[in-house]
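Colleague: I'm new to this one. Can you walk me through it?

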Amino acid sequence: MPHRLTLTDDHLLRLLMRYAPGGRSLSVRGLAAEAGVSKSLVHALLSKKRTTADVARAQRISAALGVHRQALFFEPLSTSMDVDTLRKDPPPHGPQREVPESTTRSTRELVADARPTSPD
């Protein structure tokens, strides 16, 4: 399966097409021709029918618009659903530290230790 990148924002793509390099505006057909991609891909990205493109096409579209690829496309994070099923015990919530079984201090001792001491 080829690696795919996700379009950051269809409105940003449209804005970049409007203010393309050289002070000109690019149509769907013009961007497709300049980037060497199909008109249907550009139209699908603009209409949100498609939100991804392979790395090579994303690079060519970005280059045709005069921007870095990362400004227009990003690599989505993995959303594997089976990651948590591999754990035997649930993850701890908050910081955890081991307390020895031999601990015998009472609540009164703990509170006394927590009080600020005054100089004599």
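Modeller: Start with K48, which counts as exposed because its relative accessibility is 55%. Keep in mind that this is a predicted model.

Colleague: Where is K48 placed?

Modeller: K48 sits in the loop between α3 and β2.

Colleague: What is its phi, about?

Modeller: The phi of K48 is positive, about 65 degrees, although K48 is not a glycine.

Colleague: OK, helices now. At what angle do α2 and α3 pack?

Modeller: About 125 degrees, with the axes 8 Å apart. Here α2 covers residues 28-35 and α3 covers residues 39-46.

Colleague: Is the crossing of α2 and α3 left-handed or right-handed?

Modeller: α2 passes α3 in a right-handed crossing.

Colleague: Which residues make the contact?

Modeller: From α2, they are V28, R29, L31 and A32. From α3, they are K39, V42, H43 and L46.

Colleague: How do the residues of that contact divide into nonpolar, polar and charged?

Modeller: The contact of α2 with α3 has 5 nonpolar residues, 1 polar and 2 charged.

Colleague: And α1 with α3, at what angle do their axes cross?

Modeller: Roughly 125 degrees, and the axes come within 8 Å. Helix α1 is residues 10-18. α1 and α3 are therefore oblique to each other.

Colleague: Which residues meet there, between α1 and α3?

Modeller: In α1, D10, L13, R14 and M17. They meet V42, L45 and L46 of α3.

Colleague: What classes are in the contact of α1 with α3?

Modeller: That contact has 5 nonpolar and 2 charged residues, and no polar ones. V42 and L46 of α3 are in the contact with α2, and V42 and L46 are in the contact with α1 as well.

Colleague: Switching to strands. How many bridges join β1 to β2?

Modeller: 3 bridges, and the two strands run antiparallel. β1 is residues 4-7, and β2 is residues 52-54.

Colleague: What is the bridge partner of L5 in β2?

Modeller: A53.

Colleague: How many bridges join β1 to β3?

Modeller: 2 bridges, and β1 and β3 run antiparallel. Strand β3 is residues 73-74. T6 has F74 of β3 as its bridge partner.

Colleague: Where do side chains point in a regular strand?

Modeller: In general, they alternate between the two faces of the sheet.

Technical notes
Residues numbered from 1 in each chain as written. Predicted model: local features only at pLDDT ≥ 70, side-chain atom pairs only at ≥ 80, totals over all residues. Heavy atoms only, no water. Axes fitted to C-alpha atoms, helices over the stretch in contact; angles between N-to-C directions. Helix = DSSP H or I, 4+ residues; strand = E, 2+ residues; numbered from the N terminus. Left-handed = near helix turned anticlockwise from the far one by under 90°. Contact = heavy atoms within 4.5 Å. Nonpolar A, V, L, I, M, F, W, Y, C, P; charged D, E, K, R; others polar. Pairing = 2+ DSSP bridges. Buried < 20%, exposed > 50% of the residue type's maximum accessible area, 1.4 Å probe, protein only. Parallel < 35°, antiparallel > 145°, perpendicular 65-115°, else oblique.
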